[in-house]
Amino acid sequence: MNETELIRGCLRGSAKYQRQLYERFSGKMYAVCLRYARSSSDAADILQDGFVKVFGKLDQFQFQGSFEGWIRRIMVNTALRNYQRQRFDMELNGYESLPDAPVSPDAISSLSEAELLALISRLPEGYRVVFNLVAIEGYSHAEVANLLGIQESTSRSQLTKARRWLCEQLEGIQKLEYDLRKTS
Amino acid sequence: MEQPNHIDQAFQNRLYNAEQEPPAFVWDNLEAILRRKRRRLLFWWFVGSGLMLGGILYGLNHTSQSDTLAQNSVEPSIAQRSNDVPQSKSGVSSDLSSTVPDSDRSQNQNKITNDLSKNAQPEAAVQSITNAPDNTASREINPIVLDKSGIQEDIKSAAVLPEVQKTESEALQQVASFDQLKSKLNPVNILEVEEDQELPHVKIIRPRKKKEKNACYDFEEHPNVWFVDAYAGPMLPVRTLSTSNSEDLNYMGLRESTEKTGLGFNAGFRASMLINRHFLLRSGLHYEQHTEVFEYADPNFVEYTVKVRSELINGTWVTITDTIGVEYGENYQKTYNRFGRLDIPLLAGIEWRSGQTGISAQAGGSLNLLFWKRGTILNPQGEPQVFTPSGTLAQDVFKPRVGASLQGSVQWFYHIKPRLRVYAEPYFRYSLSPFSLNSHPIKTEYSFVGIQLGLTKILD
């Protein structure tokens with residue numbers, strides 16, 4: 001079944017087509033949600049809210065461009081709204097200053113997707129959102145500033161701090177793996 | 001755009017198209033939300049259809065009323081014209097108030113007769129006479145109307161002519177007899193005269209249709225007609241649980257003590273064919289929905305609260321589960337179980353009428369098209385478990401469709417307009433097969449008692 005048939009079936013309100021659409025995209029979209037959420041239960045909430053919006057706004061899809069991209073934007077926006085709701089909480093937690101760490105991206109290849117997602121989920125809230133938007137989704141700092149209602153400079157600084165934090169973690173992993181290999 | 005550095009690039013390559021299996025409950029929740037939306041949509045569809053049907057019925061009815069009004073409006077125009085005829089010109093308005101010499105009477109007799117036939121409106125005549133002076137000079141009456149044969153005889157027989165030459169007061173009294181005359185004139189075409197012409201152009205005014213004054217349809221004239229019904233009303237399910245296995249009696253007792261049937265509703269559309277004035281064939285779409293309340297308190301309920309987290313220990317991600325709380329107590333659960341059915345009834349009946357009211361009795365079968373259900377009941381192990389077909393770990397309790405049922409009803413109706421009835425129709429419906437699956441230990445059977453309150457439009 002092609003995408004157009006799937007969308008038209010959902011527009012008719014067919015439960016069967018809705019299920020198929022969910023099954024086709026839920027895996028990728030859940031991974032997107034996991035990157036933005038603080039926990040897997042938050043991610044599940046975002047996924048559910050996102051799909052409610054997808055089915056509710058399906059008639060607004062113009063059949064131009066990628067349908068997956070359209071769903072992804074809805075998921076990202078839903079995740080951001082969720083993030084903004086929890087912002088106060090995040091501000092209470094505060095950010096501690098992070099030490100500089102050497103960049104060692106090779107460690108990334110040794111980790112599975114689930115481990116990388118888990119690593120990202122451990123990023124402090126503000127860093128995580130900016131890192132996801134800029135580094136993975138490809139948004140510009142101006143767009144991020146507009147979306148989150150922050151200064152561009154804040155977006156840049158949070159991205160930098162996120163990278164440092166990730167590099168520090170990856171460095172630690174790399175070191176541990178090296179030690180393990182050495183002892184074995 | 002920010003140029004991605006190699007860390008960004010590495011993460012993007014690995015994660016942009018990453019997939020993770022979402023928890024199963026997300027789809028269950030989502031499906032419940034979508035189902036609610038669909039049901040809301042269905043509800044508004046029913047409301048919209050009902051309003052549309054009501055609008056159509058009103059429109060049809062209004063159109064037939066407008067036709068009657070349009071026909072009625074012809075007569076005042078004639079009356080108006082007769083009033084507007086100038087004194088200098090001959091016509092009934094002035095002629096009635098004139099004193100006609102005896103010698104002219106006989107020769108003008110036929111002419112007057114014709115004039116009267118044109119102005120056969122008592123109101124117009126009264127107006128003309130009232131406005132006329134008492135001592136108006138004698139005038140010659142010109143023939144202005146040519147009429148169809150038969151009119152003169154009618155008028156003569158009504159004995160109007162001799163009275164025309166009398167005084168105004170006498171003439172006024174006599175005008176009342178125009179009512180009788182009017183009824184005689186109605187069946188034929190009346191000719192209307194252009195004012196300025198001696199031999200006028202004539203315009204045919206269509207005879208007025210007989211107005212249905214009584215709010216009752218003429219079934220003698222139309223013995224075979226179609227009815228369209230739209231109805232809704234309350235409904236009460238009568239549920240029977242039974243089991244053939246004595247071991248399941250305890251479970252059946254638990255079911256009976258935890259489930260209560262509640263009120264429901266019915267709604268639908270129906271088309272009926274009246275044959276030979278009295279016999280009916282009816283079919284349509286009939287929807288019924290009812291609610292049952294499931295209430296259960298588990299006295300031995302224990303709830304554990306756990307915290308699951310991942311930690312990087314010695315380079316390996318480890319999932320750690322901590323039990324952070326245990327609660328003992330009674331778990332109370334209340335669920336509104338809902339059952340909806342869409343059926344096609346096929347009924348035969350007979351109708352008796354008396355004036356504007358009447359009754360009909362009908363009976364027949366009904367075939368189930370759709371049976372949806374949602375809720376929770378105890379499973380044979382005595383634990384609450386959903387039976388919604390799409391639910392996670394749902395137990396199989398009910399059939400996908402519930403087959404045929406027998407139905408009988410008696411309708412009382414009243415004609416509020418000739419082609420529009422209101423009615424109340426109590427009905428009883430008995431399902432021929434149980435709603436539960438044969439594999440389920442408890443047999444669940446239903447009958448329904450309800451009342452349909454509706455409108456019937458007669459189409460001919």
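Colleague: Ground rules first: what numbering and which thresholds apply?
Modeller: Residues count from 1 along each chain as its sequence is written, chains are lettered from A and ligands numbered from 1 in the order written. The model is predicted, local features need pLDDT of at least 70, side-chain atom pairs count only at pLDDT 80 or more, and totals for chains, interfaces and linings use all residues.

Colleague: What is the mean pLDDT of chain A?
Modeller: It is 82, and 88% of the residues of chain A reach 70 or more. pLDDT is the predictor's confidence in each residue, from 0 to 100.

Colleague: How are helices and strands called?
Modeller: They are DSSP runs numbered from the N terminus: helices are H or I with at least four residues, strands E with at least two.

Colleague: Switching to the interface. How many residues of chain A are in contact with chain B?
Modeller: 38 residues of chain A, against 31 residues of chain B. Contact means C-beta atoms, placed from the backbone, within 7 Å.

Colleague: Which helix of chain A gives the most to that side?
Modeller: Helix 2 of chain A, with nine residues. By class, the side of chain A that touches chain B has 24 nonpolar, eight polar and six charged residues. Ala, Val, Leu, Ile, Met, Phe, Trp, Tyr, Cys and Pro count as nonpolar, Asp, Glu, Lys and Arg as charged, and the others, Gly among them, as polar.

Colleague: And helix 8 of chain A, mostly covered or mostly open?
Modeller: Mostly covered: 11 of its 12 residues are buried. Buried means 20 or more other C-beta atoms within 10 Å of the residue's own, exposed 12 or fewer, partly exposed in between, with C-beta atoms placed from the backbone. A:F131 and A:L133 are among the buried residues.

Colleague: What follows helix 8 of chain A?
Modeller: Just after it, A:G138 takes a positive phi of about 85°.

Colleague: Now chain B. Which strands does strand 3 pair with?
Modeller: Strand 3 (residues 225–242) of chain B runs antiparallel to strand 4 (residues 259–275) of chain B, with 11 bridges. 15 bridges join strand 3 of chain B to strand 12 (residues 443–459) of chain B, also antiparallel. Pairing needs at least two DSSP bridges.

Colleague: What stands opposite B:G233 in strand 4 of chain B?
Modeller: B:N266. In strand 12 of chain B, B:K457 stands opposite B:V228.

Conventions. Contact = placed C-beta atoms within 7 Å.
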